[in-house]
Each structure stands twice: as structure tokens, then as C-alpha cells.
Amino acid sequence: RGGFDLGNFAYVTPGSGVTDHETGHTLSVAAFGSIFHFVGAIDENAIQSTPAGAYSERLADSHDPNGPADRAAAGRDPIIPMWV
């Protein structure tokens, strides 16, 4: 919701508050390559029952300073502390 990332390009809806999350995706592509991003998209959209549980989403959430509190309050999986 509010954003989409294509590796080096992130599209964010103004005021959506997902800039840090989408930057986390960009960092993941820079560190792990485009194949990681592609496999993460498949995991998020075709394998996981909840997209937020995908490894690539949890990793991207670690760049959002409010991510851990938001995820815990929503009962979601904890972040993977890569970009904090």
C-alpha cells in the first residue's frame, strides 16, 4: 500500500509513510541483487498466506524506525534487524 519498488526506483504515494520501507527494498537489492528481489516478490505474492510474512518484506521493514513497534502491535512477525 502506498509504494512500489523496482530495485533502484521506488514509487511512493505522497503522505503514505512507506518511504523508509521502500528504501529498505532498495538496500536489499543493492546488497543481494535483483534475483533476491524477484524471488522475494514471488514469495510475497504467491507463497505466503500474508504478504507481510515474506522474508524480503520483513527485511525491508527493518529500515523503518517505527517498524518493530507497528509489527508487534499488529501481531506480525518481528523484523529482521539488517538495516537498523
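Author: Helices here are DSSP runs of H or I with at least four residues, numbered from the N terminus. Leucine 27 is found in helix 1, residues 19-32. The model is a predicted one.

Reader: What makes up the secondary structure of the protein, and in which order do the elements run?

Author: There are four helices and two strands. From the N terminus on, the order is β-β-α-α-α-α.

Reader: Why is leucine 27 called partly exposed?

Author: Its relative accessible area is 30%. Buried means under 20% and exposed means over 50%, with partly exposed in between, so leucine 27 is partly exposed.

Reader: What does leucine 27 contact beyond its neighbours within four places in sequence?

Author: Leucine 27 is in contact with His63 and Trp83. The C-alpha atoms of leucine 27 and methionine 82 are separated by 9.8 Å, and these residues are 55 apart along the chain.

Reader: How do you know whether aspartate 5 is buried or exposed?

Author: Aspartate 5, in strand 1 (residues 3-5), has a relative accessible area of 6%. The limit for buried is under 20%, so aspartate 5 is buried.

Reader: What makes the approach of aspartate 5 to threonine 26 a polar contact?

Author: The two side chains meet at 2.9 Å. The definition asks for a pair of N or O atoms within 3.5 Å, one able to donate a hydrogen and the other to accept it, so the pair counts as a polar contact. Not counting residues up to four places away in sequence, aspartate 5 touches Ala10, Glu22, His25, Thr26 and His37.

Reader: Which aromatic pair is tilted, and why is it called that?

Author: A search of the whole structure finds two aromatic pairs. In one, the rings of phenylalanine 32 and phenylalanine 36 have centres 5.0 Å apart and planes at 50°.

Reader: What makes the pair of phenylalanine 36 and tyrosine 55 edge-to-face?

Author: Their centres are 6.3 Å apart and the angle between the planes is 80°. The distance is within 6.5 Å and the angle is over 60 degrees, so the pair is edge-to-face. This pair links distant parts of the chain, with phenylalanine 36 in helix 2 (residues 34-47) and tyrosine 55 in helix 3 (residues 55-61), 19 residues apart. Phe32, Phe36 and Tyr55 form one aromatic cluster.

Reader: Why is serine 56 counted as buried?

Author: Serine 56, in helix 3, has 8% relative accessibility. Buried means under 20%, so serine 56 is buried. Leaving aside neighbours within four places in sequence, serine 56 is in contact with His25, Phe36 and Gly40.

How values were computed: Residues are numbered from 1 along each chain as its sequence is written. This is a predicted model: local features need pLDDT of at least 70, side-chain atom pairs count only at pLDDT 80 or more; totals for chains, interfaces and linings use all residues. Side-chain values use heavy atoms; hydrogens and water are left out. Rings of Phe, Tyr and Trp (its six-membered ring) pair if their centres lie within 6.5 Å; planes under 30 degrees apart count as stacked, over 60 as edge-to-face and the rest as tilted. Buried means under 20% relative accessible area, exposed over 50%, partly exposed in between (1.4 Å probe, protein chains only). Contact means heavy atoms within 4.5 Å.
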